[in-house]
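Take a look at the structure below. Keep it in view while you read the short report that follows.

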Amino acid sequence: PAGEMGLEPLFQAWSYFRRRKFRECADVCSQLLERPPGEQILYFLLTLIQAAWNLKTRALTEMVYVDEIDMDQEGIADIILDENAIAQVARPGTSLKLPGTSQGGGPSPAVRPVTQSGRPITGFVRPSTQSGRPSTMEQAIRTPRTALTARPITSASGGYVRPGTASMLTNPDGPFINLSRLNLTKYAQKPKLAKALFEYIFHHENDIKNALDLAALATEYAQFKDWWWKVQIGKCYYRLGLYREAEKQFKSALKQQDMVDTILYLAKVYLRLDQPVTALNLFKQGLERFPGEVTLICGIARIYEEMNNISTAAEYYKDVLKQDNTHVEAIACIGSNHFYSDQPEIALRFYRRLLQMGVYNCQLFNNLGLCCFYAQQYDMTLSSFERALFLAENEEETADVWYNLGHVAVGIGDLNLAYQCFKLTLVNNNDYAEAYNNLAVLEMRKGHTEQARALLQTASSLAPHMYEPHFNVAILSEKVGDLQRSYTAAQKSEEAFPGHVDTQQLLKQLKEHFAML
């Protein structure tokens, strides 16, 4: 029977698939599987059913497919209960858990804000940059301002819940394939069907154990000569937290077939094992075999950025732009680096480039507004922030814009406007530690000591990784004569930012005072 536009149903389904209309493709395949044409000979019938089954499986997979290379989110349990630690006290510059140990010549926390883990805020949000690696359970549970969403308890409960539950939506009577009744050995002997079935089980059903069993049987049937199956086994091991086994599979696959994707998967394993130097060496070896490969250069830049080696990261991002001059992440990160290096005019050129490329969102206009202000192009500043407020998609983005407007108001000396902007920031996002800190400073200028102290306590409890609230508490307490509280707060400030000169001077004064007592 002919379908829409007179097409034979299977060709119509294939046409839908190629046009990425996966829901329509799955519906046509369902009709074929429910009512196969009776007049066909048996062999052709079986082939038709197999083709429709294969196509529907692929369509359902594509509907929930997420690229495993970029999909990486560590949960609380993955960080705190990590049994894969190599050394508890890592050498400087070899660990992502101690990013501040690497002296990369980047701006200090006095100029560039940092995340919970002490890593500078990047110009481009990625899963690994949102929260860093918190050192305590309390920090892991508390949501940092940059993450916008709470960290999942485990990586399995966070990023993979939607693909796992999507299977029940495809068929009101239950899942399309009943995995418990599948004879995996039979399917493993049919390579074309096996690959589609594996991706369906892995991405759509999120059943890693059955996917691993199928991959193991298929690679055994292929006499361990098919590199694709080894990569899939490695992905299953990675998802199950068996990183050393995943490493072996990816290495074995690389020996058989040199692929960029496999290098990226293996680097992901090393980063999860907190071995950034090994990952860097792997990327550099990959560049010898795939010169100019953008994903590998970008991977190197990301690692240097996470290790707080900002200047080297910027050089590699520039190399990325030599190969691909429309790479949004590289342009954004270089622009951010120039802005925090006190070069807002150059940063403005990079952000304008993003605007010309068609990036049109709240974050970009927010950054354009700040660059215009610091580059003294005041005519464009407020219009950029107005556009950013108009494009804000949620309250957190609105809060960011109002906070920056507060900074502009402080810069032009209008403290009443600044006070109102910071208040509006807290209306939109009640956990905005920086706004609490700045409101406290404005209250101190008005002479409202108790209100300032309360605001600073809120700021320091929301963001223990920031040094400013601790330092301000220390100054305030020292002024009112509470030297013990001042000393405690100054120590916390020094712990958050060891190179802060004012904190060191205050500590020196307090020690001298205590010595006299």
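This report covers a helix pair, a serine and an annotated repeat.

## The model

This is a predicted model. Keep that in mind throughout.

## Helix 11 and helix 12

Two packed helices are described by the angle between their axes and the distance between the axes. Start with helix 11, residues 208-221, and helix 12, residues 227-239. Their axes are 9 Å apart, and the packing angle is about 155°. Angles over 145 degrees count as roughly antiparallel. Helix 11 and helix 12 are therefore roughly antiparallel to each other. The crossing of helix 11 past helix 12 is left-handed.

Which residues in helix 11 and helix 12 meet? Helix 11 brings Ile-208, Ala-211, Leu-212, Ala-215, Ala-216, Ala-218 and Thr-219. Helix 12 brings Trp-229, Lys-230, Ile-233, Cys-236, Tyr-237 and Arg-239. In this contact, 10 residues are nonpolar, one is polar and two are charged.

## Ser-336

Now turn to a single residue. Ser-336 sits in helix 18, which spans residues 328-340. Is Ser-336 buried or exposed? Its relative accessible area is 5%. Buried means under 20%, so Ser-336 is buried.

What does Ser-336 touch, leaving aside residues up to four places away in sequence? Its contacts are Arg-112, Ile-121, Thr-122, Gly-123 and Tyr-351.

One stretch carries a label from a record. In the model, residues 433-466 are 82% helix and 0% strand. The end C-alpha atoms of this span lie 9 Å apart.

Notes: Residues numbered from 1 in each chain as written. Predicted model: local features only at pLDDT ≥ 70, side-chain atom pairs only at ≥ 80, totals over all residues. Heavy atoms only, no water. Axes fitted to C-alpha atoms, helices over the stretch in contact; angles between N-to-C directions. Helix = DSSP H or I, 4+ residues; strand = E, 2+ residues; numbered from the N terminus. Parallel < 35°, antiparallel > 145°, perpendicular 65-115°, else oblique. Left-handed = near helix turned anticlockwise from the far one by under 90°. Contact = heavy atoms within 4.5 Å. Nonpolar A, V, L, I, M, F, W, Y, C, P; charged D, E, K, R; others polar. Buried < 20%, exposed > 50% of the residue type's maximum accessible area, 1.4 Å probe, protein only.
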